[in-house]
Amino acid sequence: MQVSVEKRASVNSETDLFAVLTTSINSENWRLPPRWAEIDGWVDGNLKRVVDLGDFSGKAGQTVRLYSKDGTSPKRIILVGIGNSKEVGPKELRNACSIVIEEATKLESRRVAVLPPLERRLSSSACLQAMSEGFVLGGYRYDQYQTAKGKPKSVAHAAILIETANLRTARRASGAGIAIAESQNLARDLSNQPPWDLNPVTLAEAAKEMAKATGLRCKIEDLQGLKKLKMGAMLAVAQGSSNPPRLITLEHNAPKPGQKSRRPTVCLIGKGVTFDSGGLSLKPSGSMVTMKHDMSGGATVIGAMRACALLRLPIHVVGIVGAVENMPSGTAYRPDDVVTSASGKTIEIGNTDAEGRLVLADALHYARTTFEPDALIDLATLTGACVIALGKWCAGVLANNEALASRIQVAGETTSERFWQLPLWEDHRKFIKSHIADVKQVGGREAGTITAAAFLSHFVEDTPWAHLDIAGVANTDQASTGQPRGATGIGVRALIELLQNWKKL
């Protein structure tokens, strides 16, 4: 879909669907705004009529469809409510534009134009960016494995019509929204792909292809490379599968080889378990369904790195994904094994279905020692306990740095990606100590999300670090505005918001 920002005068009869976004309306003292007079004429006065009759009040998500009376104006006009004017912001505009695209898709409308509210604050760069995000996210479909018959036609062009904003500034904001949303859709695509086709090798190939297209530096470590790096924890997980592991490293604003970056450096680390059977601690068959999404953290990192490159963020960002498949076999690692991580710390294995933290342990150590970053942020579908604690409504944040955790939460609220901080105390770190190794992999049912993070904390030393447990929000089985069933790509928008406004911790 092509998204553009145009002056309002550009709308014409070639527009299949013309959408008017409006805040709440009180029909008792409402008068037709002058800017709506032309639109009301297209529909022979029916726009004013539906408001006067109380059939449309502008509440969030409400829609009314009208039809033009001749062939010289847009074919269909839709009113879309965005709610109370005092409460409306980027989130509401993003959702409204997703609704418009979803309606247009149902109607097989190829060309869409949207007239946003006239209020100055709703024409801000943040709002225009969110509108473009809404178009792209609302148009997302994962239908690669469906036959062409019966597929709805996608919208070819969506235009935001502005009246007062600077066109160049508006187009810059819209372009940022497109880049971010398309990057989120890349994360969705990767996570939605069946594990038959997406394994550690093909995930690395996809990351390499994206890096080539956007100018990122890309380095892929294969099995032999991982052995040289002594990544015993990650290799233990990988050894049960016939698909070999890969360590993916993507760099934005990479310094010259052998030199340290003069820019602030932030490392994003993603869990990339392309399928999780549970290993020898085999999951029940029902719990194995959707385990293709166990690499969602890695998908988010790849998507975020794409956005970093397209937006030309002025900091050094490194994306690292540990890509493995966790399978049961005669070569699989076992409960009661002790493995040696890349850091040299030994780990007592208690459950082979807690594999993600082993992958992250080696990836975090690699990121810390190789790039000496100002901050580490990892994302992982790590624990079912996080789903129990926070449900499907937000992700968990655990950190050794309060400022970093707070900034992530603020970035999430700004972009409508919610995160909630859980405590991480020295008591939790002590609890994860092992009586036969340095640390134990699992701490039992109590505070499972926190003890998993406590395990990871042993591999970051004093580097500011935050762990995002996205287990409850990485995929959904219920469609909502701008979000079909399947992968969500959560974290891309929040990470970019955080990195765009990066300040020293």
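Axes here are lines fitted to C-alpha atoms, for helices over the stretch in contact, and angles run from 0 to 180 degrees between N-to-C directions. Helices (H or I, at least four residues) and strands (E, at least two) are DSSP runs, numbered from the N terminus. This is a predicted model, so to speak of local features we need pLDDT of at least 70, and side-chain atom pairs count only at pLDDT 80 or more, while totals for chains, interfaces and linings use all residues. Residues are numbered from 1 along each chain as its sequence is written, and side-chain values use heavy atoms, with hydrogens and water left out.

**Exercise 1. Describe how α13 packs on α16.**

Step 1: get the geometry. The two axes, α13 and α16, come within 8 Å and cross at roughly 120 degrees.

Step 2: name the arrangement. Angles under 35 degrees count as roughly parallel, over 145 as roughly antiparallel, 65 to 115 as roughly perpendicular and the rest as oblique. That makes α13 oblique to α16.

Step 3: find the hand. A crossing is left-handed if the near helix is turned anticlockwise from the far one by less than a right angle, and right-handed if clockwise. α13 passes α16 in a right-handed crossing.

Step 4: list who meets whom, with contact meaning heavy atoms within 4.5 Å. From α13 come Arg407, Ile408, Ala411, Gly412, Thr414 and Thr415, and they meet Arg493, Ala494, Glu497 and Leu498 of α16.

Step 5: sort by class. Ala, Val, Leu, Ile, Met, Phe, Trp, Tyr, Cys and Pro count as nonpolar, Asp, Glu, Lys and Arg as charged, and the others, Gly among them, as polar. This contact of α13 with α16 divides into four nonpolar, three polar and three charged residues.

**Exercise 2. What lines the second largest cavity?**

Step 1: On a 1 Å grid over the protein atoms alone, a cavity is a set of points where a 1.4 Å probe fits but cannot get out, and a pocket is an open set with protein on both sides within 12 Å along at least five of seven lines; lining residues have an atom within 4 Å of a point. Grid points are joined across faces, edges and corners, and a volume is the space filled by probe spheres set on the points.

Step 2: count and size. The structure holds two cavities of 30 Å³ or more, and the second largest cavity has about 40 Å³ of space.

Step 3: name the lining. Around the second largest cavity sit Ile408, Ala411, Phe419, Leu468, Gly491, Ala494, Leu495 and Leu498. α16 gives the most to this lining, with three residues. By class, the lining has seven nonpolar, one polar and no charged residues.

**Exercise 3. Which element gives the most to the lining of the second largest pocket?**

Step 1: size it up. About 980 Å³ of space lies in the second largest pocket.

Step 2: find the centre. Of its 32 lining residues, Trp393, Ser416, Ser480, Gln483 and Arg493 lie nearest the centre of the second largest pocket.

Step 3: pick the element. α3 (90-106) gives the most to the lining of the second largest pocket, with six residues.
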